[in-house]
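We'll hop from one stop to the next.

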Amino acid sequence: MQKKIHAFTQFVHKRKITSGSAAVLLLALGYFSYQWMFGTTAAARFVTAEAQKGTLVASLSATGQVAASTEVQLKSKVSGDAVYVAPNSRDVKAGILLVQLDTEDAQKSVRDAQVNLDSAKLALQKLQKPADDLSLLQAEHALIQAQQSKANAKDAIKKAQDDGLNAVSNAFLDLPGVMARLQDMLLSSTLGAGQQYNIDFYADSVKIYDTESKAPVYRQDAYDAYQIARKAYDQNAVDYKASSRFSDSATITALINETYATAKVIAESVKTANNFIQFYQQKLLDNSIKLNPLSTMHLSTLNTDTGKTNAHLSNLLTIKQTIIDNEQTLTNADNTIAEKTAALKKLKEGADALDIQSQQLAIIQRENALRDAIETLNNYFIRAQFDGTISGLIIKKGDSVSPAGALGTLITRQKIATVSLNEVDVAKIKLGQKTTLTFDAIPDLTLTGAVAEIDAIGAVAQGVVTYNVKIVFDTQDERVKSGMSITAAIITDVKQNVLFVPNAALKTQGNTHTVQVVDDALSPTDLASNASGIALTNPPRVQAVEIGLANDDATEITSGLKDGDRIVVRTLQAAVATAPNSSQPSGLRIPGLPGGGSSGGGGAFRGTGR
């Protein structure tokens, strides 16, 4: 500071400035030096509000015009033939019948729904009553019948198994001979002077005439079929010898099935051998070559064996299927016995709570069906929605009506406003929603109304889809004229006794919503100065909240705050006057003065808010 004063005196001396001017400059230097040394920053102040409970109303705002009268198209929700049509051009009251369709089918549906409801109610009464003697007797008789069916099935299985053992025994009278003859025909050396097996003799004898090389295939098929039959027969013979008529039921059934399978593969072996030898004979006869006489004997034997194996196969298959059918009958009888036993027990004990509840639900369903049928029946009666004049009915008695076309128009005598909504907002609008109406030409007038009609098809203009919504006035005012501009606030939702805060208090980032909560205990004096801002001891606390319904002024808080919490609506921040970081003070710049600064000014409060 002393250096600054010395520089100033040197400046005065060199330029010979008058003492008066020097005094002014000295005072200016002192003032700005004081500001530099002792200047402070004013504290932030906050405008607050309380989170409070009340009624929150959400609405959509739309503009439009007033019409002297509005035409509402009359449409049917169902199809049918008109049996009554009201006269055109006459005044009607709300609710009066305009068109009636043939209700025969709809009335039948109502009658059927009523019968179904009565039936369900009777079923509940019956369910709640104790079982009578007749019902108990019938249930006991049904159980006895099921038990008798089981006994009959067991007897049938035993008889089929006895028949099956006889069939197996008869099969083993023939099958050993069949297998022996097959082995002799194919694997002995009775042909060709004992030089090779018969199966090879048959194949080699036609080799030079077998241009398609089928003989090796026939030979291999016959050999493979014989080996399969031999393996099955050998095992079957062992099992047959090990069984007796005193074997258990499962063993006997298994033996019958096994013998059937053995007879089947033996029959196949006989068939392939027969095909092989027939091929041999055909090739030699085609080339006028003499046949080996034994081949004809072989074929004759194979034909006889074919008849035997087929007979055993048919007999065993019949017995096998009889056992399967009776085992299924036995299983069904067991299930029926379990079912009838449970039914008898339940009948004796009476209906349980779940059965009663289920029947009660059935009654509710039938009641709903009856209400739906009655509602559908009501759709066959087209009535005036409001007081007005019926005009333009384009149908007559006997005409067919469908939901696709308009039947006529109903002209109101009261004022109606038409407003336009975009496709997003119109999805929130429903018939009957209350509306508040204001008028540009009559600022002091506010009327109420209700949504009466919503366009089903939107109008497209420059890529934007809009829908017209018609609003019926609740009351009439002579000052309202046709063509006046109107602003309608259509109430889309109302919530009562909900907690809400001013929108200005809510801050949103992505899907996160927060408010600033004031934890200071504010005095009446503080609250009195709330409009100009309150200085807080503690900085506001950031609190995350969840939100619900919102309108232009307030937002519902579903969690995070409680009734009476004080939150920040707006922050008032004072301008800052501080010393610069350098050694020279800020302030008035004096030409030629070392370290002189630019002129500055005091700050005024500025409001900040969301």
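A quick definition before the first stop: buried means under 20% relative accessible area, exposed means over 50%, and partly exposed is in between, with a 1.4 Å probe and protein chains only. This is a predicted model, so local features need pLDDT of at least 70 and side-chain atom pairs count only at pLDDT 80 or more, while totals for chains, interfaces and linings use all residues. Residues are numbered from 1 along each chain as its sequence is written, and side-chain values use heavy atoms, with hydrogens and water left out.

**Stop one: Glu556**

Select Glu556 and show its side chain. Is Glu556 buried or exposed? Its relative accessibility is 7%, so Glu556 counts as buried. Strands here are DSSP E runs of at least two residues, and helices are H or I runs of at least four, numbered from the N terminus.

Contact means heavy atoms within 4.5 Å. Skipping neighbours within four places in sequence, the contacts of Glu556 include Leu56, Lys495, Val498, Leu499 and Phe500. Also among them are Glu546, Ile547, Gly548 and Leu549.

**Stop two: strand S16**

Select residues 485-502, which is S16. Two strands pair if DSSP finds at least two bridges between them. Which strands pair with S16?

- S2 (residues 52-67) runs antiparallel to S16, joined by 13 bridges; pick Gln52 and you'll find Phe500 as its bridge partner.
- S12 (residues 434-439) is antiparallel to S16 too, over 5 bridges, with Thr435 opposite Ile490.
- S20 pairs antiparallel with S16 over 3 bridges; look for Pro502 opposite Ala554.

**Stop three: strand S15**

Jump to residues 464-473, strand S15. Why call S15 largely enclosed by the rest of the structure? Because 7 of its 10 residues are buried.

Finish with S14 (residues 459-461), which is antiparallel to S15 through 3 bridges. Val460 sits opposite Val465. Zoom in on the hairpin of S14 and S15: there are 2 residues between the strands, and Gln462 takes a positive phi near 55 degrees.
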